[in-house]
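Hello,

Here is the structure I promised to pass on. Please have a look at it first, and then read my notes below.

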Amino acid sequence: MKVAVLDIKGKETGRKVDLSDAVFAIEPNDHAVYLDVKQYLAHQRQGTHKAKERGEIAGSTRKIKKQKGTGTARAGSIKSPVFRGGGRIFGPRPKDYSQKLNKNVKRLARKSALAMKSKEQAITVLEDFNFETPKTKDFIQILKSLGLENKKSLIVLGDSNNSVYLASRNFKRSEVITSSEISTYKILNANNVVLLEGSLEGLESNLTK
């Protein structure tokens with residue numbers, strides 16, 4: 001699949017790149033996409049939630065009233081969950097929410113997500129660029145040239161580029177990652193995926209192993 005390469009001003013450079021059909025033109029597998037997104041979202045949960053149970057509450061262990069003759073229910077401790085300030089019954093405990101997913105399924109899911117974006121014509125190939133001084137306004141100007149300043153975009157670099165990252169981090173509608181950090185969720189969460197030329201080789205090799 002031939003795609004024109006654009007420069008940072010949004011104009012065609014006259015060059016075209018061949019996007020692999022094995023990555024960008026497959027029949028999307030919806031279930032693989034669902035499983036990968038589900039795993040990604042599960043991994044975002046810290047699982048550090050905790051409520052104190054009656055054995056962890058600070059308080060007296062003295063029996064608060066006599067067993068019989070009060071006309072009310074028996075009570076042995078002020079830390080009982082039935083009293084205000086007592087422990088919580090079956091409260092949340094720390095938990096690991098991580099899920100396992102086969103590498104081949106994850107690879108299929110990412111290819112499916114890219115194929116979906118390709119069908120929507122939401123993939124742009126941009127020539128590699130850099131900033132001498134990282135400035136947010138320069139980064140936004142590139143997005144304006146591409147017509148993406150008001151859309152959520154995902155910029156995929158070939159290698160880590162600190163100047164591009166620093167220039168983009170204050171602009172919340174855009175995220176900059178490297179080809180090795182790409183995920184199904186991030187692809188689908190963006191309105192448009194911008195692939196830099198330098199990212200194509202690594203991206204395709206990672207997804208066609």
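Which residues of helix 7 are buried? They are Ser-199, Leu-200, Leu-203, Glu-204 and Leu-207, where buried means under 20% relative accessible area with a 1.4 Å probe, protein chains only. Seen down the axis of helix 7, these residues fall within an arc of 120° (taken from the directions from the helix axis to the C-beta atoms), so they line one face of the helix. They pack against strand 2 (12–18), helix 1, helix 3, strand 3, strand 4 and strand 6.

A word on the source: this is a predicted model, in which local features need pLDDT of at least 70 and side-chain atom pairs count only at pLDDT 80 or more, while totals for chains, interfaces and linings use all residues. Residues are numbered from 1 along each chain as its sequence is written, and side-chain values use heavy atoms, leaving out hydrogens and water.

Helices (H or I, at least four residues) and strands (E, at least two) are DSSP runs, numbered from the N terminus.

Leaving aside neighbours within four places in sequence, Phe-24 is in contact (heavy atoms within 4.5 Å) with residues including Met-1, Leu-19, Leu-203 and Glu-204.

Best wishes

Technical notes. Buried < 20%, exposed > 50% of the residue type's maximum accessible area, 1.4 Å probe, protein only.
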